[in-house]
Amino acid sequence: MAHKRYRLVVEAGDEIGTVYPLEGEEIYIGRDEANDIVIADPEVSRHHARLRRRGETFTVEDLGSTNGTFVDARRVTAPTPLKNGSEIQLGPFVTLIFEEIAVAEAANSPTEASAKRRHESGQAKSVPLRTASRSRRWIWPALAIIVLALALIAIALQ
């Protein structure tokens with residue numbers, strides 16, 4: 001049985017395209033610098049979530065965050081297993097994709113090597129691996145505009 005490696009890829013948020021290799025039994029994610037993966041977004045809690053590895057299985061657990069942790073659009077209320085391609089959402093704006101890669105692919109992956117170099121040099125945002133098409137930053141402003149338009153129409157009809 002081939003040994004697998006795992007990573008998180010930022011799909012939505014300020015660091016689109018950043019790749020985080022998952023190494024170790026426990027990986028902490030949050031805004032605080034003490035975390036293994038630091039997400040500098042004000043909607044992410046200081047100590048937001050924890051990934052745990054047991055053999056070839058990873059689970060994610062919310063650490064009492066303010067805005068919640070979601071896996072494939074379901075709120076995490078207990079340790080939740082991850083599968084290849086699982087979408088992890090931290091608060092309203094940050095989305096990470098859980099990926100498993102074969103050892104040979106991991107060793108030869110130009111994407112992972114270049115992403116690591118971009119991350120280390122501070123250029124992680126310049127070459128996204130995916131677009132932020134699932135970003136939900138537009139929802140609240142759009143709803144506010146709709147409500148305002150409806151209010152103006154109601155006033156005009158009186």
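Here are a few friendly notes on this predicted model, going from its core to its sheet.

1. Let's start inside. The largest nonpolar core counts 22 residues, and L8, L22, L51 and L90 have the most contacts inside it.

2. Setting aside neighbours within four places in sequence, L22 touches Y6, R7, L8, I27, I37, L51, R53, F58 and F98. L8 and L51, both on that list, are also among the core residues with the most contacts.

3. Now for the aromatic rings. The model has three aromatic pairs. One of them joins Y6 and F58 edge-to-face, with 5.1 Å from centre to centre and 65° between the planes. This pair bridges distant parts of the chain, since Y6 sits in strand β1 and F58 in strand β6, 52 residues apart. Both Y6 and F58 are buried, and together with F98 they make up one aromatic cluster.

4. On to the sheet. Six strands form an open sheet in the order β2-β1-β11-β10-β7-β8, paired antiparallel. At its edges stand β2 and β8 (74–75); each has a single partner strand, so one side of each lacks a neighbour in the sheet.

5. One pairing is worth a look in detail. Strand β7 (residues 69–71) runs antiparallel to β10, and three bridges connect the two. Within this pairing, T69 lies opposite L90 of β10, and L90 is one of the core residues with the most contacts.

Methods: Residues are numbered from 1 along each chain as its sequence is written. This is a predicted model: local features need pLDDT of at least 70, side-chain atom pairs count only at pLDDT 80 or more; totals for chains, interfaces and linings use all residues. Side-chain values use heavy atoms; hydrogens and water are left out. A nonpolar core is a set of buried Ala, Val, Leu, Ile, Met, Phe, Trp, Tyr and Cys residues joined through side-chain atoms within 4.5 Å. Buried means under 20% relative accessible area, exposed over 50%, partly exposed in between (1.4 Å probe, protein chains only). Contact means heavy atoms within 4.5 Å. Rings of Phe, Tyr and Trp (its six-membered ring) pair if their centres lie within 6.5 Å; planes under 30 degrees apart count as stacked, over 60 as edge-to-face and the rest as tilted. Helices (H or I, at least four residues) and strands (E, at least two) are DSSP runs, numbered from the N terminus. Two strands pair if DSSP finds at least two bridges between them.
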